[in-house]
Amino acid sequence: MGKYKIAAIGGDGIGPEVMESGLKCLDAVAKYIGFEFLVERFPWGSDYYRAHGQMMPENALEILHGFDSIYFGAVGDNEIPDDVTLWGLRLVICQGFGLYANVRPAVMLPGVRSPLREELSNKINWVMVRENSEGEYAGVGGRSHRGFAEEIAIDASLFSRVGVERIQRFAFDLARTRSEKHLTCVTKSNAQRFGMVLWDEIFAQLAQEYPDVKTDKVLVDAATARMVLNPSSLDVIVASNLHGDILSDLAAALVGSLGIAASGNLDPSGNNPSMFEPVHGSAPDIVGAGIANPIAAIWSGAMMCSHLGEKVASSRLLAAVAEVAKANEVLTRDLGGAGTTEDVTKAIIDALERDDLDLEGFNRIGS
Ligand code: NAI
Ligand code: MG
C-alpha cells in the first residue's frame, strides 16, 4: 500500500479552514482506494510571525524536503504587510525548491454559472502555465531616499534564458498531451523591450521543436478581452509570473468563483516536493464564518494525487466535486448556494465514496 508524506501548512485566514476540508477528502479517497496519506501539520504563517518574528523557521526548507508534497492553504493578514507574509512563506518555498511551474486549470464545472453567456462559458477548458520563479516577482529591486521628496523604488523584472526556456518547454509538453494541442504565448513585448522580447524569441525557437503543437501569441491586455469574448480560442496558456497571476484570477471568475480555482507549484525534476494550493488568498472578509468554498483546496488535492501517481484518486475526487456541483443542492454562497464549508465537504466525501460515481462524466480536466 502506497504511503505519502504530506506537509500541511494552513497559513492564515480561511487557509486552515479549506485545507482541513481538503485533508478530509484526501483521507477519504485514499481509504476508499487503499493507500495512505501521512500528514504532518505546520503552524506557520502570521500567528507564527507574531510569536517568532518570522513566517516559518530558518530550517523550514530542510524540514519540508523530507516530504513527498506540500499542501498549502493561504497567507495574508490584516496586520502584517502582504509582502512580508507572501515573501516569508509562499515565495520562499517556490523559489527555494525551484517550483517554477505554476499550473492552474480553469474548467467549467457542470451546474456552475459563469458571468459569461452559456454558449461562451461552456467552452472554457484552459490550463494556465505561469512562470513561478523569476520575472516580475524575482525580488530584484530596492528603495532609496526613504521618506524624502526624491524617494525612489525599483522593481526589476528578471528573465533568464534558463528560466524562460524551462517554463515554456513545460507548457509545450503539456499542450502536446491535450486534444487541442494548442499553446498561446502571453506577452507584452511591444512595451517591455528586453525580458518580454527574450520571452518571445525563446517561444519561437521552441515552437520549431514542437511542430505538432499549434501556437499563437497575444499581448496580455488583448488576452483579457480574448478570454471573455472568445474563450474557445484558448487551450494551454503560458505567461510570465505577473501576467499569469492576473489572468488566472480572471479565469477563476469566468468559471464561476475564485473559490474553485486550484493550482500546483511544480518542480518537474521531482527533486523537491511540489506544493498544491488554492489560487485564492486568505479572504479576511469571510474568515471564521464557515462559508469558505473548499472546492479550490479539494481540487488542488486532486492535482496533488495526480502528481504523486494516484491518478484514480485524482479522477474520483474531481468526479465527486463535479457531481456535487451538478446536483446544485449543497454549494457555498460564492456559487449561489447556502451551504457551509462543512456541508460541501461532507457532500463531496459522500459522493466520492459512492461505488456508482460516474468517473467518466467529468473528464475534461487536464485533458
Ligand atoms: P482573496 O482571494 O483572499 O479574496 C478575494 C475575494 O474572493 C474575497 O471577497 C473573498 O471572500 C473571496 N474568496 C476567496 N476565496 C474564497 C473561497 N474559498 N470561498 C469563497 N469566497 C472566496 O484575495 P484578496 O482579498 O485580494 O487578498 C486577501 C489576502 O490574501 C491578502 O493579504 C493577499 O496578500 C493574500 N493572498 C494570498 C495568496 C496566497 O496565499 N497564495 C493569494 C492571493 C492573495
Ligand atoms: Mg494571485
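Predicted model: local features only at pLDDT ≥ 70, side-chain atom pairs only at ≥ 80, totals over all residues.

Biologist: Where is Val324, and what does it touch?

Modeller: Val324 lies in helix α11. Leaving out residues up to four places away in sequence, Val324 touches Val330, Leu331, Ala347, Ile348 and Ala351. Met304 is 20 residues from Val324 along the chain, and their C-alpha atoms are separated by 20 Å.

Biologist: What makes a set of residues a nonpolar core?

Modeller: Its members must be buried, come from the nonpolar types Ala, Val, Leu, Ile, Met, Phe, Trp, Tyr and Cys, and be joined through side-chain atoms within 4.5 Å. The largest such core here has 96 residues. Helix α11, residues 311-327, gives the most to this core, with 9 residues.

Biologist: Which residues have the most contacts inside the largest core?

Modeller: Phe37 and Ile348. Beyond four places in sequence, Phe37 touches Tyr4, Ile6, Leu26, Ala30, Met304, Cys305 and Leu308. There is also a second, separate core of 19 residues. Phe42, Ile93, Phe97 and Leu99 are included in that second core.

Biologist: Glu310 is in a loop between α10 and α11. How do you know whether Glu310 is buried or exposed?

Modeller: By the value against the cut-off. Glu310 has 16% relative accessibility. The limit for buried is under 20%, so Glu310 counts as buried. Its contacts beyond four places in sequence are Tyr4, Phe35 and Cys305. Ala30 is 280 residues from Glu310 in sequence, with 9.1 Å between the C-alpha atoms.

Biologist: Why is Val140 called partly exposed?

Modeller: Val140 is at 36% relative accessibility. Buried needs under 20% and exposed needs over 50%. The value falls in between, so partly exposed is the label. Val140 sits in strand β6. Apart from neighbours within four places, Val140 is in contact with Ile154, Asp155, Ala156 and Leu158. Ser315 is 175 residues away from Val140 in sequence and 40 Å away in space, C-alpha to C-alpha.

Biologist: What makes the phi of His145 worth a remark?

Modeller: His145 is not a glycine, yet its phi is positive, about 55°. Most residues other than glycine have a negative phi. His145 is in the loop between β6 (135-144) and β7 (152-158). Its relative accessible area is 44%. That lies between the 20% and 50% limits, so His145 is partly exposed.

Biologist: How much of ligand 1 does the protein bury?

Modeller: Taken alone, ligand 1 exposes 810 Å², and the protein buries 71% of that.

Biologist: What is the make-up of the shell around ligand 1?

Modeller: The shell divides into 9 nonpolar, 6 polar and 6 charged residues. Of the 21 residues around ligand 1, those that come nearest are Asp82, Gly281, Ala283, Asp285 and Asn293.

Key: Residues numbered from 1 in each chain as written. Chains lettered and ligands numbered in written order. Heavy atoms only, no water. Buried < 20%, exposed > 50% of the residue type's maximum accessible area, 1.4 Å probe, protein only. Helix = DSSP H or I, 4+ residues; strand = E, 2+ residues; numbered from the N terminus. Contact = heavy atoms within 4.5 Å. Near = heavy atom within 4 Å. Areas by Shrake-Rupley, 256 points an atom, 1.4 Å probe, with all protein chains shown as cover. Nonpolar A, V, L, I, M, F, W, Y, C, P; charged D, E, K, R; others polar.
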